[in-house]
Amino acid sequence: MTSPVTREEPVTVRVFAQRFSSTPRGARLARRLTVLQLDRWGVPYDSETSETAALLVAELAANAVTHGRVPGRDCELTLSYVPGQVLRIDVSDTRGERRPTPAEQESLDEGGRGLLLVGALASRWAVLDRVPVGKTVRAELDLSPGPARTRPGGW
């Protein structure tokens, strides 16, 4: 007995990875490279996806260079894009012991407010261990209709 063969459309995953200095200039470069790379992949500069990705990268990269900085060590940006399905943004640094935590919305504390923005813009986000050292903050944007929002750890 043979099983029926189902044909699926091939999926092309586009990946961009770049290290940048753990400085404000490096964070700004990460944001600029994100919109440039998305445009090369066919996501126009002024599109909602491009603008949302730029905001997410700006916040995550700023956090990495502010709170995850280790002198002499770089941060890393990785974009993974499956057209029409998902855009994954990973920003990694080498300080694994300093894990980001979002502030409560009613809190007057100044720390963690940027992660409220990440939570509002991203379909999902989480903090992952980075091998061999450090952490990666991942945010995903669902590009198909009706994205489901998930809190951290909802992988």
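**Exercises on a predicted fold**

Of the 155 residues in the protein, 37% are buried (under 20% relative accessible area; exposed is over 50%, partly exposed in between, with a 1.4 Å probe and protein chains only). This is a predicted model: local features need pLDDT of at least 70, side-chain atom pairs count only at pLDDT 80 or more, and totals for chains, interfaces and linings use all residues. Residues are numbered from 1 along each chain as its sequence is written, and side-chain values use heavy atoms, with hydrogens and water left out.

**Exercise 1.** State the secondary structure content and its order.

*Solution.* Then read along the sequence: β-α-α-β-β-α-β-β.

**Exercise 2.** Describe how α1 and α2 pack.

*Solution.* Two packed helices are described by the angle between their axes and the distance between the axes. Take α1 (residues 24-40) and α2 (residues 48-67): the angle is about 155° and the axes lie 8 Å apart. Axes are lines fitted to C-alpha atoms over the stretch in contact, and angles run from 0 to 180 degrees between N-to-C directions. The pair is therefore roughly antiparallel (over 145 degrees; under 35 is roughly parallel, 65 to 115 roughly perpendicular, the rest oblique).

**Exercise 3.** Locate the cis peptide bond.

*Solution.* The bond joins Val131 and Pro132, with omega about 10°. Pro132 sits in the loop between β4 (124-129) and β5 (135-142).

Terms used: Helices (H or I, at least four residues) and strands (E, at least two) are DSSP runs, numbered from the N terminus.
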